Amino acid sequence: MESYDWLIRGGRVIDPANQLDGEYDVAIRDGQIAALARRLDPTKARQCYDATAKLVVPGLIDLHVHVYDQATPLGISADQYCLGRGVTTAVDAGSAGSCNLAGFRRFIVPSARTRLLAFLNISSAGMSFAALGGDTSTAGELESLKLVDVPACVDAVESHRDLIVGIKVRLSDTLSDSGRNELESYHRSLQAAGSVRLPLMVHHTFSSVPLELCPGLMRPGDLYTHLYHGFRSTIVQSGTMEVDSSVLRARERGVLFDVGHGQGSFSWTVSEIAFRSGFWPDTISTDLHVGSCDGPAYDMPTVMSRLLHLGMPLNEVIRRATIAPAQAIGWEDRIGTLGQGREADIAVLSLEEVELDLEDCQSQLRPVRRMLTAEAVWRAGVTYPVTRPALLPNPDRVAAQRRWWHQLEVRDPQ
């Protein structure tokens with residue numbers, strides 16, 4: 001008689017890739033999805049998990065994290081903050097460049113139970129000396145164009161095709177010799193991404209590069225992250241309080257827009273303006289790092305909950321955290337679904353009614369009434385313990401983040 005290692009019973013399965021939304025049982029055998037049906041025989045399973053009144057979804061995919069732990073200033077533990085919160089695949093967004101990618105591959109990737117992929121920084125130094133919280137006294141990775149080495153970047157990608165899913169550039173004038181190197185670094189990033197036929201992910205905040213060029217020059221499939229920040233370079237025109245036409249045209253061309261919440265890059269005001277005009281993100285990501293993991297981002301379910309509050313239907317939130325990011329990096333044939341025979345990456349989430357005033361990155365509050373929380377997780381058929389934020393919301397982080405208020409170009413009326 002065929003047996004299962006695990007049977008996840010009675011949950012509401014939401015698998016947008018396969019257009020599933022209903023009560024199903026999910027069986028795991030030898031690290032793969034063995035069966036998915038309305039009812040499966042529990043006597044065949046060595047272990048059962050009762051998912052009644054919970055959501056069973058493909059393992060979440062976070063396209064923007066920083067997990068080069070102990071080697072870069074922003075790095076955090078992938079297993080604690082990603083896998084422990086239902087994220088089975090996390091993509092490091094530019095912590096490593098061509099000069100320090102080997103360390104990421106040797107020391108971080110094999111030690112993590114979370115599946116790790118990466119966008120390679122166009123800067124050969126990666127984020128080795130990235131400042132926390134926008135500290136302008138620290139050199140940025142684009143301070144010298146000698147660091148923006150296209151051949152070295154391309155060679156590194158070609159040597160690590162199984163790990164690298166795209167190129168990353170951070171466009172901020174504080175990182176690029178007061179903006180003098182921004183535009184050239186952007187052009188070189190586009191060149192490198194084109195050469196290796198992979199998407200470019202662009203961070204675009206406090207930038208001297210106008211929206212007409214970024215996202216204006218980005219190609220179909222490229223990713224514009226930090227979508228809803230309210231600082232200089234915001235997608236919302238401060239005069240009209242509407243989404244800039246350059247941004248709308250970029251979406252029409254096929255540029256993808258990613259949340260990239262982070263420590264400073266999610267504004268309730270900007271996101272509400274965008275949602276009123278139907279400008280939803282294509283993918284949901286956290287930008288988790290040492291400055292955001294204990295607030296204001298916290299984790300992937302919390303960021304997803306913010307999208308629920310904004311009015312995105314649950315199925316669409318799940319889509320943008322599973323199959324949509326898989327498609328964005330060309331991994332849709334491997335991750336992002338619960339299809340039979342696929343690797344058993346599964347998250348069980350609760351959706352609870354709450355009364356919670358939840359902050360954005362500058363401590364503006366909204367009364368959130370539904371929260372997603374990770375309850376269980378399997379990666380390649382093995383279950384791992386879930387973790388929780390110590391405080392949510394974290395009053396110390398809420399207070400600290402208010403220091404950015406005066407720099408916002410789009411914000412709540414005072």
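The backbone oxygen of Tyr68 lies 3.0 Å from a polar atom of the Thr72 side chain, a polar contact in the sense of a pair of N or O atoms within 3.5 Å, where within protein one must be able to donate a hydrogen and the other to accept it, and where residues adjacent in sequence count only if both atoms are side-chain atoms. This is a predicted model, in which local features need pLDDT of at least 70 and side-chain atom pairs count only at pLDDT 80 or more, while totals for chains, interfaces and linings use all residues. Residues are numbered from 1 along each chain as its sequence is written, and side-chain values use heavy atoms, with hydrogens and water left out.

Let me stay with Thr72. Thr72 sits in the loop between β6 (60–65) and α1 (78–81); helices (H or I, at least four residues) and strands (E, at least two) are DSSP runs, numbered from the N terminus. Thr72 is buried at a relative accessible area of 7%, where buried means under 20% relative accessible area, exposed over 50%, and partly exposed in between, with a 1.4 Å probe and protein chains only. Setting aside residues up to four places away in sequence, Thr72 touches Ser95, Met127 and Ser128, contact being heavy atoms within 4.5 Å. From Thr72 to Asn100 the C-alpha separation is 10.0 Å, for residues 28 apart in sequence.

I turn to Arg170, in strand β9 (residues 164–171). With which residue does the side chain of Arg170 make a polar contact? The partner is the side chain of Glu141, at 2.7 Å. The two side chains also meet in a salt bridge, at 2.7 Å from N to O, by the rule of a side-chain nitrogen of Lys or Arg within 4 Å of a carboxyl oxygen of Asp or Glu. Because Glu141 belongs to the loop between β8 (115–121) and α3 (150–159) and Arg170 to strand β9, the pair ties together parts 29 residues apart in sequence. Glu141 is buried at 1% relative accessible area, and Arg170 is buried at 9%. Beyond four places in sequence, the contacts of Arg170 include Met127, Leu142 and His203.

By the salt-bridge rule, the count comes to 23. Another of these joins Arg251 and Asp282, with the closest N and O atoms 2.9 Å apart. This pair links distant parts of the chain, Arg251 in helix α5 (residues 245–253) and Asp282 in the loop between α6 (268–276) and α7, 31 residues apart. Arg251 counts as partly exposed at 23% relative accessibility, and Asp282 counts as partly exposed at 22%.

A further salt bridge brings together the side chains of Asp345 and Arg379, at 3.3 Å from N to O. Asp345 lies in the loop between α9 (323–328) and β15 (346–359) and Arg379 in strand β16 (residues 365–379), so the pair connects parts 34 residues apart in sequence. Both Asp345 and Arg379 are buried. They belong to a network of salt bridges that also links Arg115 and Glu343.

Finally, the nonpolar cores, meaning sets of buried Ala, Val, Leu, Ile, Met, Phe, Trp, Tyr and Cys residues joined through side-chain atoms within 4.5 Å. Which members of the largest core touch the most other members? Among its 89 residues, they are Phe104, Ile235 and Met304. Helix α7 (residues 300–310) gives the most to this core, with 6 residues. Apart from it lies another core, of 17 residues, including Val13, Ile28, Ala51 and Leu338.
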